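Hi,

Here's the structure I said I'd pass on. Have a look at it first, then read my notes on its aromatic rings below.

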Amino acid sequence: MKTVGIIGDGQLGMLLCQAAPELNLDTVLLTSDADSPAARCATKSVVGTMDDTATLEALIQQCDVITYEREDVPPAAVSLLREAENAGRVVCRPSLDVIEMIQDKANQKRWFAENGLATLPFVIAETSPETLAAAGKELGFPIVQKALRGGFDGRGVQLLRSETDFEKAWPGETLLEKYAGEFRELAVLLVRSSDGDMRYFGPVDMTFETDYSVLDTVMAPAAVSDDIAAAAVQLAKDAIECMDGIGVFGVEMFLLSDRDVLINEISPRVHNAGHYTLEACATSQFSQHLRAVADLPLAETTLIRPGAMRNVLCTPALKAEDIHRPAQELVSEEETTTYWYGKSPARLMRKLGHVTALGDSADVARDRVDAAWTQIQEEAQNA
């Protein structure tokens, strides 16, 4: 029996651990909390932090392969893992080179450009009035500023509408990107094995919570023409083939008003946009990721039924209740399932869970997750 180490103990780690027994895999979770919901789902846990040498060494000793539920692996941890891999003690998938490239948005965008992968025009420069003005002239206003590291769930991204916004620009080296204008956001989840076999989920439509730019809803399949869907899938395949990726990758894309499909960014792990696969597809993204990293044959990814997913984001109403639900899966009527992650405390816009639903169409599934979300909020307000 192979043992898969997982760096990270959030809901993605929990769902990976839940998928492992069916594949006859053991899991060892690196966690800061031995009683976390993810740790309770793992075969074993190693308690500590990613930058602690003794913790990482304990993880390495117990695993055949190590993967991640997050890409922000500290440089010291990358170095130690690379040393262990070079010594033949463990295998890291996706590769550490991929993790290093993707976790820095400047490096990621340069890599897109170097490999001829369609993406928005960009400038990488030290922030100053002069460089911002030059970027505005080259890219046009507004321009999008992105922090190079650590930005996710709406953090690390801001819009500079004109030169009057320069004073709010973040200092240091930064990524400045052309504003996409009128666009939709799509995602393709691509899974690739070590022998080059590739399967995909999607494309799916993604909509975001307006004020915080956090992923709100996913609809599968995306409401796009066959040629746009094919272009999105091919772009995802080209990207993951180029990087020799192993595992599941969330490839987020912009669909522009002129029907061009461009890569926004790539996540080297299972992805929030793929939670609908738990019910809607022949195999979930979590099972496929484990299959790929553990050298098991990939399975079918066919969409069995149209589906939708809505994140249970901590709204003011849920925060006021200080809502806490144990990690659990609740199946209700009309092909709807609510997943609670067991997170506490309730912080504004924190992902506390998600709702998935199936339907005869993606629109019907969307109505069902919206209804479940409304009920959750009403129950919180009436508590």
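Searching the whole structure turns up four aromatic pairs. Rings of Phe, Tyr and Trp (its six-membered ring) pair if their centres lie within 6.5 Å; planes under 30 degrees apart count as stacked, over 60 as edge-to-face and the rest as tilted. One of the pairs is Tyr 179 with Phe 183, which is edge-to-face, with 6.4 Å from centre to centre and 85° between the planes.

Before you go on: this is a predicted model, where local features need pLDDT of at least 70 and side-chain atom pairs count only at pLDDT 80 or more, while totals for chains, interfaces and linings use all residues. Residues are numbered from 1 along each chain as its sequence is written, and side-chain values use heavy atoms, leaving out hydrogens and water.

Back to Phe 183: its ring also pairs with Phe 254, and because the planes are at 70°, with the centres 5.0 Å apart, this pair is edge-to-face. It links distant parts of the chain, as Phe 183 is in strand E10 (residues 183-192) and Phe 254 is in strand E13 (residues 247-256), 71 residues apart. (Strands are DSSP runs of at least two residues, numbered from the N terminus.) So Tyr 179, Phe 183 and Phe 254 make up one aromatic cluster.

How buried is Phe 254? Its relative accessibility is 7%, so Phe 254 counts as buried (under 20% relative accessible area; exposed is over 50%, partly exposed in between, with a 1.4 Å probe and protein chains only).

Cheers

How values were computed. Helix = DSSP H or I, 4+ residues; strand = E, 2+ residues; numbered from the N terminus.
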